[in-house]
Amino acid sequence: MKAHDGMYIDGAWRPAAGRDTIAVVNPADEQVIAEVPAGGAEDVDAAVRAARAALPAWAATAPAERAARIAALRDVLVARKDEIAETVTAELGAPLPFSQAVHAGVPILVAGSYAELAASYAFEEKVGNSTVYAEPVGVVGAITPWNYPLHQIVAKVAPALAAGCTIVLKPAEDTPLTAQLFAEAVHEAGVPAGAFNLVTGLGPVAGQALAEHEGVDLVSFTGSTAVGRKIGATAGAAVKRVALELGGKSANVILPSADLAKAVGVGVANVMGNSGQTCSAWTRMLVHTSQYDEAVALAAEAAAKYGDRIGPLVNAKQHARVRGYIEKGVAEGARLVAGGPDAPREQGYFVSPTVFADVTPEMTVAQEEIFGPVVSLIRYEDEDDALRIANGTVYGLAGAVWAGDEAEAVAFARRMDTGQVDINGGRFNPLAPFGGYKQSGVGRELGSHGLAEYLQTKSLQF
Ligand code: NAD
């Protein structure tokens with residue numbers, strides 16, 4: 001696969017300071033498909049300097065001009081969507097139709113939404129005898145994971161550019177090719193030199209150098225809670241702003257009045273998409289005791305049908321980790337009704353769609369984020385019991401509620417400690433704020449709430 005052997009800094013591809021590289025592996029066949037430079041503190045410093053130098057001019061551009069550049073970026077993503085989908089499939093392993101629809105499709109929607117928001121947002125408002133200006137926070141250090149490699153980049157870069165911020169991106173080591181392709185798109189879109197910069201590298205090296213850099217005003221991180229906690233502490237010590245999008249263990253609550261077959265079918269598909277590597281996946285399915293056995297049979301059937309359509313996990317480490325969780329579930333007494341820990345193919349990091357029944361709320365598979373194609377069915381006695389189970393983890397990122405009556409589902413959703421809930425299978429909305437309660441994070445992405453993360457206010461009194 002095509003790869004750049006340098007960093008995109010100040011509008012051009014420049015050689016890395018060191019010689020270390022990262023091998024990019026196709027998880028479907030375990031073959032190395034490319035090498036990219038593993039940047040270090042020196043590269044990060046050069047990128048942050050470029051971002052800082054570009055900040056005054058970009059921050060001063062009219063919102064309409066920023067909107068035009070983001071619209072141009074969206075157009076390049078549209079023009080190159082097939083290449084994007086193929087690149088994501090090659091380095092993440094997602095089946096091509098999923099890469100086309102989601103990994104390439106969603107970032108186009110999100111970039112489009114920020115082209116519109118940049119043009120329409122009220123960057124200035126009158127409050128009594130004051131004028132309040134929403135001004136860019138400054139230089140953004142963006143650190144992203146591999147599971148939605150382009151979406152997570154666009155969900156940070158598009159609002160940051162819309163706000164008038166400049167950016168240094170450190171993408172995940174497993175998916176740097178998608179990030180390089182994005183840098184090409186930014187260049188093609190005519191975003192001024194230095195407004196966006198890319199440094200590929202390892203998390204504890206390049207990522208940490210970026211989070212610690214004194215020239216960065218806001219660290220926006222998406223990834224694991226363990227690393228997020230560390231980044232939050234570093235940012236706190238420097239009195240630097242921070243946004244954290246972390247893990248999840250979301251509940252899919254099926255109330256007795258719901259269409260059970262639909263709720264179970266959509267619920268299983270929600271977990272299996274992207275091979276379960278979705279932070280907001282509804283990995284705990286909560287079913288009333290009277291419908292439990294029927295739900296178990298439906299879930300097992302849905303998982304078996306999913307079968308071969310599932311892609312591999314991203315790398316060998318995740319493969320071992322997910323299989324370890326499945327073994328732990330069995331050891332703790334959960335009942336396997338589909339899939340299991342055995343690798344279904346000789347080559348590639350595949351795990352079969354897996355369904356656990358007889359899961360109790362305190363089991364490891366019901367508490368910890370597995371990040372694989374594993375769904376756990378938990379029984380509840382009544383609504384209060386369901387709510388206690390739904391809210392009974394350290395996370396609060398997403399969830400779902402199904403009921404015969406929308407108002408009944410909404411009433412339940414309002415009592416959930418979580419940032420986003422889909423009612424009876426509600427559709428994805430790129431304008432709706434996304435982010436977590438509790439240990440799922442700090443701050444929101446997408447829409448105007450996501451834009452506000454990159455703004456700070458100044459008030460003038462008259
Ligand atoms: P990770 O935390 O290991 O890595 C995420 C990013 O942080 C990568 O770019 C990595 O290189 C970097 N990083 C690692 N150590 C670092 C350090 N010490 N300092 C600075 N940067 C460092 O997570 P992952 O394995 O890449 O992604 C999976 C996790 O991300 C899951 O837990 C998942 O739930 C979470 N996630 C959350 C969201 C969300 O929006 N809430 C979205 C996607 C993924």
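The legends below accompany close-up views of a predicted model of a protein chain.

**View 1. The two domains of the chain.** In this predicted model, the protein chain is divided into domain 1, which covers residues 6–246 together with 439–461, and domain 2, which covers residues 251–430. The centres of domain 1 and domain 2, taken over C-alpha atoms, are separated by 30 Å. To the contact between them, domain 1 gives 29 residues and domain 2 gives 26 residues.

**View 2. The interface between domain 1 and domain 2.** About 2,100 Å² is buried between domain 1 and domain 2, and 58% of this area lies on carbon and sulfur atoms.

**View 3. The side of domain 1 that touches domain 2.** Helices α3 (81–92) and α4 (96–120) each supply at least two residues of this side of domain 1, and the largest share, six residues, comes from α4. Sorted by class, the side of domain 1 that touches domain 2 has 14 nonpolar, nine polar and six charged residues.

View 4. Thr 178 is placed in helix α6, which spans residues 176–188. Because its relative accessibility is 3%, Thr 178 counts as buried, the cut-off for that term being under 20%. When neighbours within four places in sequence are left aside, the residues in contact with Thr 178 are Thr 87, Val 88, Glu 91, Pro 149 and Leu 150.

How values were computed. Residues are numbered from 1 along each chain as its sequence is written. This is a predicted model: local features need pLDDT of at least 70, side-chain atom pairs count only at pLDDT 80 or more; totals for chains, interfaces and linings use all residues. Side-chain values use heavy atoms; hydrogens and water are left out. Domain bounds come from an automatic or database domain assignment. Contact means heavy atoms within 4.5 Å. Buried area is the accessible area (1.4 Å probe) that two parts lose on being put together, summed over both. Helices (H or I, at least four residues) and strands (E, at least two) are DSSP runs, numbered from the N terminus. Ala, Val, Leu, Ile, Met, Phe, Trp, Tyr, Cys and Pro count as nonpolar, Asp, Glu, Lys and Arg as charged, and the others, Gly among them, as polar. Buried means under 20% relative accessible area, exposed over 50%, partly exposed in between (1.4 Å probe, protein chains only).
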